[in-house]
Every structure is written in structure tokens, then in C-alpha cells.
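Please look over the sequence and structure shown here. A short briefing comes after them.

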Amino acid sequence: MPDLDPAVDYVQLLTPEGERVEHPDYSFDGDDEAIRGLYRDMVLTRRLDVEATALQRHGELGLWAQLLGQEAAQIGAGRALRRQDFVFPTYREHGVAWCRGVDPLQLLGLFRGVDQGSWDPTEHNFHLYTIVIGSQMLHATGYAMGVQRDGAVGTGDPDRDTAVVAHFGDGASSQGDVNEAFVFAASYQAPVVFFCQNNQWAISEPTTRQSVIPIYRRADGFGFPGIRVDGNDVLATYAVMQTALQRARDGGGPTLVEAYTYRMGAHTTTDDPTRYRHSDEVEHWKLKDPIARVESYLRRGAGTDQSFFDQVAAEAEELGVHLREGCKALPEPVVTDLFDKVFTETPAELEAQRSEYADYLASFEEVGA
Amino acid sequence: MTAPSQDFRLPDVGEGLVEAELVSWQVAVGDTVQVNDIVCEIETAKSVVELPSPYAGIVEALLVEVGTTVEVGTPIIRIGSGAHPSEFVPNAAAAPSAEAAAAAEAAGDSPGTLVGYGPREASTQRRARRTGSARPGQHAAPTGPVLAKPPVRLAAREAGVDLRDVTPTGHRGEVTREDLAAPAAAPAPAAPAAPAARSFDVPPVQYTGRVTREPIKGVRKMMGQAMSASAFTVPHVTIWTTVDVTATTRLVARLKLDPAYAGVRVSPLLVLSRAVTELLRTHPLLNAVWDEAAQEVVLRHYVNLGIAAATPRGLVVPNIKDADLMTPPDLGRAINRLTDVARDGRTQPAEQQGGTFTITNIGPFGMEGGTPIINPGESAILAFGTVQKRPWVVSADGEDRLAVRDVCTLSLSFDHRHVDGASGSAFLAAVAGSLVDPSGLFS
């Protein structure tokens with residue numbers, strides 16, 4: 001059983017009961033209106049997740065990686081970004097994608113298998129989902145070293161200085177790529193924030209078996225700061241990420257942020273967590289729900305009207321319909337796209353293959369209706 | 001809602017699963033459901049999952065019975081306006097329709113596209129244009145390369161056959177080796193569509209040339225389920241010992257002449273059965289069963305002795321009830337009757353239930369020993385090896401000498417959850433001792 005209450009050594013600004021608390025180093029600089037915005041983000045992200053899970057069960061998606069329970073970690077990290085910052089996600093960063101303005105339908109396209117990820121990474125400064133565990137950490141570090149070489153670090157221009165976020169999980173922390181990325185980032189003081197959502201379970205392997213010390217303390221050995229934050233606290237996650245990102249933009253080098261959270265659902269729709277973890281652990285974490293505590297604060301601490309909550313609920317319903325109907329209407333993949341998205345300038349040999357393959361496809365006829 | 005009725009087809013909920021068992025229905029005919037209301041629970045090879053409804057409306061029919069395993073793509077529930085509620089309508093064919101299968105096959109999708117076949121307005125499917133009308137000299141597929149595997153291409157080149165002149169009959173429109181032999185002018189064989197299925201047809205064995213597919217059913221299905229259930233839940237340990245059973249074969253010869261055994265086929269198996277039923281009294285763990293659900297070991301004060309029997313239809317394990325209460329001649333008659341009935345294929349299910357210990361006689365196959373799998377519900381199984389004449393060291397009067405003796409191997413598999421090596425060994429040693437000196441067994 002993992003340590004469920006490491007309250008002594010993580011940053012928390014909003015308790016599970018919805019009470020705001022002080023921290024000597026970190027504070028949330030937004031007002032209640034900003035907190036309402038974060039609440040809306042989290043509710044809509046959860047709805048997106050629930051709807052996609054249902055669509056998988058309807059047979060409309062091949063797979064879905066649930067984020068249930070990790071909304072605060074993702075929205076906190078996503079909303080602390082500036083426009084020019086660049087994000088390298090895993091396959092579970094639906095909340096961060098939301099913050100970066102990616103239409104959730106484009107996420108569904110990937111999991112429906114009709115494309116390989118259809119959003120333009122340069123338009124959203126949000127890279128395509130990476131399925132291979134941990135490899136995006138090297139991509140992110142390399143990109144951050146490129147940012148340095150472009151001179152977009154430490155200029156003091158708030159619209160130019162750029163930070164990079166590399167997302168990963170507790171399971172990936174055991175990967176070679178992740179540790180190599182740490183080495184390079186430290187050596188070159190790359191402007192990258194390594195954001196680990198420790199959701200306690202690497203599929204069926206508990207974090208306690210992945211690391212004998214808390215993950216954030218691994219940063220010590222590589223030579224950059226590590227910090228642990230209550231990943232179910234959106235205010236704390238936002239504040240900690242804001243500081244780490246600014247440090248990177250200012251040329252201060254990398255930071256490892258461990259967001260201590262919990263995967264309430266399965267690893268993916270293919271997984272059955274009841275086979276390897278106890279329900280009392282899940283019940284324990286339900287009490288720390290990231291959305292409930294913000295709602296509790298907004299109702300009691302900030303005196304927010306019921307109409308606000310009704311409106312967000314209505315938006316979530318709309319999003320559900322958008323996803324259900326949009327998913328089924330996603331266009332079938334065009335096989336010849338395979339030829340079009342590899343080279344900037346397609347070689348003649350590939351053009352010939354493309355044309356031959358198109359002819360082959362044309363030799364089929366429609367049947368039935 | 002006035003929309004027409006819609007069928008929810010069993011989705012692939014786990015990356016490439018092909019079937020699932022319906023565990024329970026959460027709704028009944030006539031219930032109103034909203035989108036994403038849970039309608040049923042299914043169990044796949046990977047997990048138990050709840051299925052949410054993709055439709056809102058009234059449940060008009062449940063198309064699959066609880067406990068049934070159906071293939072992905074099979075309609076499981078019908079939801080509509082409720083205008084035509086029907087009684088329970090089990091799916092006649094618990095599989096995709098023949099037309100759908102044929103279309104999928106023709107489209108080269110096998111096993112079908114598993115994602116996104118849900119509510120779609122008009123499903124269009126594509127298949128290769130028929131090439132059957134191709135005449136000799138007319139290339140079947142002028143628009144693309146001819147499909148054929150490299151060995152077939154080599155065979156064609158060696159035979160001087162132009163692949164483009166051959167009518168392909170392969171699964172995906174490729175030229176097969178058989179096609180090369182067929183006269184080019186022969187009428188094209190029917191397209192590889194599924195045979196027209198009639199409801200009264202027995203599902204045919206599918207011949208694909210190089211393999212023959214036999215359905216798993218009946219005795220074979222039972223054997224498969226029992227053996228895999230046992231092998232993968234019970235930690236088996238097998239031990240064996242080889243002993244001199246000359247005294248047993250002499251006893252068998254003597255009993256055959258005994259009037260009390262008139263009409264009994266006396267064999268070493270009878271001696272072994274007698275030894276086992278006697279010794280299980282003093283080795284109760286070997287006659288027990290591990291009850292996982294109750295977390296108890298159930299010791300049984302009776303012996304229902306199972307004898308594994310090879311039959312034309314497969315393995316059956318009938319047992320002799322209360323074998324420990326029988327006199328040796330009665331036990332002999334019971335073994336005769338049991339094996340005769342089994343070989344005739346008339347063993348009743350009840351005769352196979354309730355066994356407490358099993359002997360599998362592998363001697364008739366010429367085998368010496370093995371690692372038998374425990375019959376479910378029991379703790380141990382004893383394999384009786386073939387009795388052979390062998391050189392054997394015999395000790396008499398403090399002297400060792402070689403002699404020709406009747407020797408056999410006894411192999412015992414036991415459930416190591418509650419029977420440890422010492423207990424199993426003690427039992428096997430006692431059984432072996434009884435065969436070395438069976439004088440006490442039939443007194």
C-alpha cells in the first residue's frame with residue numbers, strides 16, 4: 001500500500017475539504033474568477049474523459065487512456081503555460097490538450113484509429129501524443145536545447161522566453177530515456193520542466209516498487225531541483241508549475257515536478273484494475289477528488305451562485321453530444337495519406353508507388369449499402 | 001423518440017478481443033434507457049466491463065442470453081421507440097450474419113473492422129471486382145500487379161505459366177499453387193463467399209486444404225475445460241517410484257483361479273485399486289479437496305475411485321462410488337463394468353461426478369510413467385505404468401544378485417496446496433509397498 005498521506009512534504013494550497021492554506025514558497029496569484037475558470041476546465045476535461053470511455057464501450061474507439069482523477073494536475077500544468085511554451089505529452093494529457101486548444105475530437109481520431117494524431121503541433125505548441133513510454137522526454141530536452149540555441153531563453157522578454165514541458169508518469173521514471181533526458185537537461189541547463197504525474201500505478205505496478213525514494217528526489221542526483229506538489233490540488237499545481245516554468249524561461253535550467261495524484265480509473269479501457277488493487281485505496285482517494293474540493297471552495301469560500309455550476313454542467317452536456325456525434329462522423333482514413341505525410345518533398349519512387357496503390361484501390365467496387 | 005429500432009452490437013472493448021460472455025443484463029424489455037446508461041456486464045478474456053448504451057429509447061429486445069459467449073459484432077440489445085416490444089429473442093445465430101461475414105471476407109477484413117461499426121447511417125463495403133469472367137489471355141487484373149507468393153511465382157516461372165493468365169482463387173485474390181495446375185480455360189470457381197447458411201444446417205467443418213478444423217465439443221470440450229482448469233489452478237507436483245511387482249503378478253495369476261473371482265477380469269489394476277482404497281484411510285489428505293471459495297480443505301471419509309478411461313470420443317473419468325466398502329471381487333466387477341460402459345460411450349454424467357481419487361492406467365499404452373493432471377475436485381491422481389520384465393537387484397541372505405523381475409513405475413501427481421512432499425511420498429511409498437507385498441490386501 002503506497003503512503004497515502006505524505007502531507008508533510010508536498011505543496012498544497014487547497015485542502016481536500018476546500019480550505020485554502022498558505023505555503024511559505026508558493027501562492028496562487030489568481031482571483032476567484034480564475035479559480036472558476038480552472039473548475040470549468042476540470043469539469044469539461046472529466047466529461048471528455050467519461051464520454052470517450054463510453055464511446056470505447058460503444059465500439060467507437062479502439063482504446064482510451066483515462067485521466068479520471070488527474071484533472072487538477074493536468075489543468076494546473078496546462079494553464080500555467082504561456083503561448084510560446086511547448087508541450088511534449090504522453091498519451092494521457094487530454095486536459096493539457098484542452099488547455100492548448102486542441103479539439104477533443106482530434107484526440108478521438110487517434111484512439112479511433114482513423115489517423116495518427118491530426119492536430120498541428122506547431123499551431124498549438126503541443127506535440128503529438130507519444131505512445132512509447134518516456135521517449136518524449138528526450139524529444140522535449142532536445143527541443144529545449146534548440147530553444148537555447150535560438151536565443152529564446154533569459155532575454156527578459158515575457159513573450160519570447162520559452163519553456164518546454166515534458167510529461168511523463170511514475171512508470172516511465174524507470175526508463176532509460178527519462179534518465180538520459182535528465183542528464184542532458186542538467187548538463188546543458190536546458191529550459192525544460194519535467195512534469196511527472198505520479199498516479200501511483202504503472203498499469204499494475206505500484207510506484208513504491210518503481211522507486212525507493214520519492215520520485216522528485218531523484219532530481220538531486222542529476223543536479224537540478226525537484227519538488228513534489230499535491231497533484232489533486234489545481235491551485236498548488238498551477239503555482240508550482242508557474243515558478244518552474246519561469247525559472248526555465250529565465251535560463252535557470254530544468255526542474256522536476258512530481259504531481260502526487262491518483263489514477264481513479266483503469267490504465268486504459270483494456271485494463272481491469274480490480275485484479276491488482278484494493279477498492280479501499282480507491283475509496284480513500286475519492287475523498288481527495290480534485291474537482292470536489294474546488295467546488296467546495298467556490299460554494300463556501302467564494303460564494304459562487306448555483307447558476308455558474310448549472311452553466312458548466314450544461315456545457316459539459318454539449319461537449320458530450322459534440323463528442324458522440326463528432327466521433328461517428330470522423331472521416332475514414334484515406335490510405336494514400338500514408339504517402340503524403342512522411343516527406344516534405346515526395347521522392348519520385350514514392351510518387352510511383354502512390355499512383356500504383358491508388359489504381360489498386362480503385363479496382364475494388366462498392367457493395368451493399 | 002420515433003427513430004427506428006437500433007441494435008447495439010457487441011464492441012471490442014479490449015484491443016483485438018473477438019468474443020465476450022454476457023454476464024448479466026441491467027435492463028429489461030420495456031425499460032427506458034438514456035445514452036450511456038449501463039445495459040449489461042460482459043466478461044472478456046481480460047476483464048469484466050459494463051457496457052453503456054449508445055442509444056436512448058425503450059429496450060425492445062435482449063438478443064443474447066446470460067451466460068452466452070458471442071462474437072464481437074453480434075447484436076446484443078435492440079433499442080427503439082418501444083412500438084414493437086418483443087419477448088426475449090435469443091440470437092438465432094450467435095455470430096455475425098453470413099452475409100456480413102462474406103462481405104467482410106471479400107473486403108479482406110478478417111476478423112472484420114472491430115472499431116466504429118456502431119451506429120452508421122449507411123455502411124458501404126467494398127470488395128474486389130469479380131475476376132470470374134476473365135477469359136484466357138485476358139488479364140484478370142490489368143490495373144495492378146498479380147498477387148502470388150514467391151514459391152508460387154517460382155513454380156509458375158518453371159512451368160512457363162504467365163501468372164496474368166491464371167484465374168486466382170486465393171483468399172485475397174492471389175494466385176495459389178493449385179491455380180497453376182488448373183486449365184486456364186476452366187470456369188472460374190465460385191468467389192470465396194461463405195456457403196449459403198441454412199438454419200437447419202449443422203455448422204460445417206471448414207476445409208481449407210492444408211488443415212482440417214474440428215469443432216471443440218462434447219467429450220473433447222469437457223476434457224479441455226477440466227484439464228486446463230486443473231492445470232492452471234492447482235499447483236501440481238509429480239513424484240514417482242519404480243518397484244518390483246512380481247508378487248502382485250503372481251497374486252493375479254492365483255486369483256484368476258479362485259472361484260470367488262469367477263467372471264472377474266483380475267488384473268494388476270485391481271490389486272492397485274484395492275491398495276489405494278485401503279491406504280487412503282490412513283492418508284486422508286490425498287482423498288481430500290481444496291475448497292478455495294470456503295477456504296477449507298474437505299476431508300472425505302469415503303472413496304469414490306475414478307478410473308480414467310480412453311474412449312473413442314476422448315477421455316472420461318467415471319468413478320466407483322464407495323469403493324472402499326467393497327469386497328475385492330465386487331471391486332473387480334465394478335472396474336470391469338465401469339470400463340466396459342466407458343468404452344461403449346455410455347458413461348453417464350453422474351458417474352463422472354463426485355470422484356475423490358483417480359487412477360490412470362497407462363500400462364496398456366506401453367508407457368512407464370508420466371505427469372498426470374489431477375481430475376478437478378480431487379487432490380491426487382496415480383498413473384499406473386506398464387509392467388515389464390527387467391533385470392533387478394534382489395537381496396537375499398545378505399547377498400545382492402541380479403534377477404529378472406516384474407517391475408513397474410507408479411507416478412503420483414498431487415495438489416501441493418495442502419499435500420506436501422512428505423505426505424505425498426509417504427502415500428506413494430505405502431502403495432508401492434503394497435504391490436511389492438500384496439499379501440495383506442486380499443486376506
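Predicted model: local features only at pLDDT ≥ 70, side-chain atom pairs only at ≥ 80, totals over all residues.

Residues are numbered from 1 along each chain as its sequence is written, chains are lettered from A and ligands numbered from 1 in the order in which they are written, and side-chain values use heavy atoms, without hydrogens and water.

**Helix α1 of chain A**
- Helix α1(A) covers residues 32-57. Its 26 residues reach 38 Å from first C-alpha to last, close to the 38 Å expected at 1.5 Å a residue.
- Because 19 of its 26 residues are buried (under 20% relative accessible area, 1.4 Å probe, protein chains only), α1(A) is largely enclosed by the rest of the structure.
- At its start, a side-chain oxygen of Asp31(A) comes within 3.2 Å of the backbone nitrogen of Glu33(A).
- Just after α1(A), Gly59(A) has a positive phi of about 90°.

**Packing against α12**
- α1(A) packs with helix α12(A), residues 290-301, at an angle of about 145°. Their axes lie 10 Å apart.
- Residues of α1(A) including Tyr39(A) and Met42(A) meet α12(A) residues, among them Val294(A) and Leu298(A) (contact means heavy atoms within 4.5 Å).

**Sheet in chain B**
- Four strands form an open sheet in the order β1-β8-β6-β3 (chain B), with antiparallel pairing (strands pair if DSSP finds at least two bridges between them).
- β1 (6-9) and β3 (32-33) of chain B stand at the edges, each with a single partner strand, so one side of each lacks a neighbour in the sheet.
- 4 bridges join β1(B) to β8(B), residues 75-80. Arg9(B) stands opposite Pro75(B) in β8(B).

Methods. Helix = DSSP H or I, 4+ residues; strand = E, 2+ residues; numbered from the N terminus. Expected span 1.5 Å × (residues − 1). Buried < 20%, exposed > 50% of the residue type's maximum accessible area, 1.4 Å probe, protein only. Polar contact = N/O pair within 3.5 Å; in protein donor to acceptor, adjacent residues only side chain to side chain. Axes fitted to C-alpha atoms, helices over the stretch in contact; angles between N-to-C directions.
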